[in-house]
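Student: I would like to learn how to read helix packing and salt bridges. Can we work through a case together?

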Amino acid sequence: EMLWSWLFFNSLFIFPALFPFLQQSELNSFLWTIKRDPPSYFFGTIHVPYTRVWDFIPENSKKAFQDSHIVYFELDLTDPYTISALTSCQLLPQGKNLQDVLPRDLYRRLKRHLEYVKLMIPSWMTPDQRGKGLYADYLFNAIAGNWERKRPVWVMLMVNSLTEVDIKSRGVPVLDLYLVQEAERLKKQTGAVEKVEEQCHPLNGLNFSQVIFALNQTLLQQEKLRAGSQRIPHSTEDLIKHYNCGDLNNVIFNHDTSQVPNFINASLQPHERIMAQEIDNYFRHELIYKRNERMGKRVKDLLEEYPDKSFFFAFGAGRYTF
């Protein structure tokens with residue numbers, strides 16, 4: 001789960017713009033119907049434990065899932081190749097370690113922060129997690145294992161997700177994964193509109209200066225959180241509340257679905273603000289607009305190729321917000 005959870009960059013916009021015949025059937029539903037016979041559906045997921053949201057998902061969404069012939073996700077999470085490809089994409093070239101590529105001070109700060117996280121995980125874990133036999137060392141290694149071999153951009157994403165809230169949610173499938181498991185249980189045909197490389201490689205396209213800036217800013221934020229001088233601007237609880245209330249048009253979803261920190265803030269120096277804006281523009285172009293266009297075309301092709309099949313497309317909710 002942790003390997004692909006950082007890859008849910010689904011942010012902002014698209015399908016209502018590409019498919020004007022989509023309508024949200026209820027105000028508090030993240031379900032759109034594609035009007036044809038039989039109908040197909042888009043459903044907006046959220047990357048939190050499914051138990052926190054499942055009871056609030058309207059019955060029309062659950063019925064659409066049950067009635068659909070084919071369920072499509074962004075990635076094929078049941079294919080072992082997906083996991084191995086994600087792992088390979090994150091690693092530095094053979095023979096290289098993070099200590100070889102990072103500035104010395106940044107590496108020391110990173111190591112210190114990960115030591116802090118490892119120390120804190122036992123106190124962050126819930127009684128329910130302990131009851132299921134989860135161990136602190138296991139959780140840390142599941143998320144941060146082999147971190148010295150990872151490319152800095154993936155370490156940045158890892159640090160961004162190594163929080164108390166994230167640790168407490170481990171052990172329960174997130175909504176996306178739960179739907180995958182349910183589709184398998186119901187013996188539905190499943191598929192994916194993206195390949196791992198299409199999600200993964202754009203992140204490796206940031207230049208070295210941008211990656212160092214992003215990792216430094218992420219560490220600074222976590223260090224301020226540790227010191228108590230800053231709080232997370234949009235918490236997971238905020239995200240869950242807005243999702244359960246059906247509040248789609250909210251900036252909070254951009255933070256959940258991108259999994260990429262927002263580096264633009266008032267404390268930046270002018271030259272740092274330029275760098276932050278460049279990174280933001282790059283992510284929007286590569287991880288949102290290009291992906292949306294590509295995914296939209298593949299969805300359209302599927303609908304045209306199988307006119308007699310009912311599809312259920314489960315993509316990140318933030319993808320629908322423009």
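Student: At what angle do helix α9 and helix α13 pack?

Tutor: Helices here are DSSP runs of H or I with at least four residues, numbered from the N terminus. Axes are lines fitted to C-alpha atoms over the stretch in contact, and angles run from 0 to 180 degrees between N-to-C directions. Helix α9 (residues 152-161) packs on helix α13 (residues 208-227) at about 20 degrees, and the axes are 9 Å apart. So α9 is roughly parallel to α13, a label for angles under 35 degrees.

This is a predicted model: local features need pLDDT of at least 70, side-chain atom pairs count only at pLDDT 80 or more, and totals for chains, interfaces and linings use all residues. Residues are numbered from 1 along each chain as its sequence is written, and side-chain values use heavy atoms, with hydrogens and water left out.

Student: Which residues of α9 and α13 meet?

Tutor: Contact means heavy atoms within 4.5 Å. From α9 come Pro152, Val153, Val155, Met156, Val159 and Asn160. They meet Val211, Ala214, Leu215, Thr218, Leu219, Gln221 and Gln222 of α13. By class, that contact has nine nonpolar, four polar and no charged residues. Nonpolar means Ala, Val, Leu, Ile, Met, Phe, Trp, Tyr, Cys or Pro; charged means Asp, Glu, Lys or Arg; the others, Gly among them, are polar.

Student: How many salt bridges does a search of the whole structure find?

Tutor: Side chains of opposite charge can pair when their charged atoms come close. The cut-off: a side-chain nitrogen of Lys or Arg within 4 Å of a carboxyl oxygen of Asp or Glu. The search finds 17 salt bridges.

Student: What does the salt bridge of Arg109 and Glu223 tie together?

Tutor: Their side chains meet at 3.0 Å, N to O. Arg109 lies in helix α6 (residues 104-124) and Glu223 in α13, so the pair ties together parts 114 residues apart in sequence. Arg109 is buried, at 12% relative accessibility. Glu223 is partly exposed, at 23%. Buried means under 20% relative accessible area, exposed over 50%, and partly exposed in between (1.4 Å probe, protein chains only).

Student: How many residues apart are Glu115 and Lys111 in helix α6?

Tutor: Four, or about one helical turn. Their salt bridge spans 3.4 Å, N to O. Glu115 is partly exposed at 45%, and so is Lys111 at 34%.

Student: Are Arg170 and Asp166 buried or exposed?

Tutor: Both are buried. In their salt bridge, the closest N and O atoms are 3.0 Å apart.

Student: Which residues are linked in a network of salt bridges?

Tutor: Glu74, Glu194, Glu198, Arg291, Arg294 and Arg298.

Methods: Helix = DSSP H or I, 4+ residues; strand = E, 2+ residues; numbered from the N terminus. Parallel < 35°, antiparallel > 145°, perpendicular 65-115°, else oblique.
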